[in-house]
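I opened a new page in my notebook today. Here is what I looked up, one topic at a time.

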Amino acid sequence: MAEASDANVGGAREEKGPEGSPPESVPPDTTMSRMKLLDTTVDTFLQKLVAAGSYQRFTDCYKRFYQLQPEVTRRIYDKLVTQLQTSIREEVSDIKAEGNLEAVLNALDTIVEEGRGRKEPAWRPSGIPEKDLCSVTVPCLLRQRDALQRRLQRQEAENRQLADAVLAGRWQVQELQLEGQARWQAWQVGVPALPSGTVPWCGRGHSRPGENK
């Protein structure tokens, strides 16, 4: 029991090692750029991630393999941690490049620094953030609503025209069907009835059945 307790204490110490130690605190008077703050956040996340998946926990999951090949287990763990950190850093770098975060965050830092010396509000005519925000966003939203309504009206007019054209086509088809039925009935009335067993003759240049040329 004592050995197990010592092992647990050792594992806990290993989890609190330099990999899981928090980054150095920044003095209150020092202003950290947002880009540096983002990098520090990523580093802190990686440190906590490695601390959560410590070597002790890794060996507990693969205890049999660790007992047979402790050195190989250590190399596998180190390789896994290195690849995980590299993959996360590359993903964060891609996000920075796609969103142009460095330029955006630096521009934001510049705006904040320029506004530090101002005593009056930089942009708040009324002094109420909600009211000033609505005064700018509401007109834009109203213009977008009007544009969407006009587009909807044009689309509805086109739909009505198409519906009228389809309805007119249906009436025309129905009239043609009625006309065809009327002609068929008139043709049936005008054709004399043939005796039963008589084959109707059709065609030119051919003699009827039973006739000699």
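My entries follow, starting with the ground rules.

**Ground rules**

I'm working with a predicted model, where local features need pLDDT of at least 70 and side-chain atom pairs count only at pLDDT 80 or more, while totals for chains, interfaces and linings use all residues. Residues are numbered from 1 along each chain as its sequence is written, and side-chain values use heavy atoms, with hydrogens and water left out.

**Entry 1: the overall fold**

I began with the helices and strands, which are DSSP runs numbered from the N terminus (helices: H or I, at least four residues; strands: E, at least two). I found seven helices and zero strands in the chain. Going along the sequence, I wrote the pattern down as α-α-α-α-α-α-α.

Next I asked how much of the chain is buried. The word means under 20% relative accessible area, while exposed means over 50% and partly exposed is in between (1.4 Å probe, protein chains only). Of the 213 residues, 9% count as buried.

**Entry 2: cysteines**

How many disulfides does the whole structure have? I searched for pairs of cysteine sulfur atoms within 2.5 Å, which is what a disulfide is here. The search came back with zero. I looked at two cysteines anyway. Cys61 is exposed, because its relative accessibility is 64%. Cys134 is at 41%, so I put it down as partly exposed.

**Entry 3: salt bridges**

Then I went after salt bridges (a side-chain nitrogen of Lys or Arg within 4 Å of a carboxyl oxygen of Asp or Glu). The structure holds six, and I took notes on some of them.

One of them joins the side chains of Arg89 and Asp43, at 2.9 Å from N to O. This pair ties together distant parts of the chain: Arg89 is in helix α5 and Asp43 is in helix α2, 46 residues apart. Arg89 has a relative accessible area of 40%, so I call it partly exposed. Asp43 is partly exposed too, because its value is 30%.

Another one sits within a single helix. Glu179 pairs with Arg183, with their closest N and O atoms 2.9 Å apart. Both lie in helix α7 (residues 129-190), four residues apart, which is about one turn of the helix. Arg183 reaches 59%, so I list it as exposed.

I also noted Asp146 and Arg145, whose side chains meet in a salt bridge at 3.9 Å, N to O. Asp146 is at 30% relative accessibility and so counts as partly exposed. Arg145 is at 46%, so it is partly exposed as well.

**Entry 4: surface patches**

I needed the patch rule here: patches are made of residues with over 30% relative accessible area and no salt bridge, with like charges joined within 9 Å and nonpolar side chains (Val, Leu, Ile, Met, Phe, Trp, Tyr) within 5 Å. The accessible areas come from the Shrake-Rupley method with a 1.4 Å probe, and for residues only the protein chains shown count as cover.

Which residues gather in the patch of negative charge on the surface? I wrote down Glu90, Glu91, Asp94 and Glu98. Asp and Glu count as negative, Lys and Arg as positive, and His and the chain ends are not counted. The place of a charge is taken as NZ of Lys, CZ of Arg, CG of Asp or CD of Glu. Asp94 is found in helix α5 (residues 70-99). With a relative accessible area of 43%, Asp94 is partly exposed.

I found a nonpolar surface patch as well, about 250 Å², made by Phe45, Leu49 and Leu84. Leu84 lies in helix α5. Its relative accessible area is 39%, so Leu84 is partly exposed.

**Entry 5: far in sequence**

I checked two pairs of residues from C-alpha to C-alpha. Lys36 and Glu102 are 66 residues apart in sequence and 9.7 Å apart in space. Lys36 is in helix α2 (residues 34-52). For Arg34 and Asn106, 72 residues apart along the chain, I got 7.2 Å. Arg34 is also found in helix α2.

**Entry 6: a positive phi**

Last, I looked at Asn100. Its phi is near 50°, a positive value in a residue other than glycine. Asn100 sits in the loop between α5 and α6 (101-116). Its relative accessible area is 46%, so Asn100 is partly exposed.
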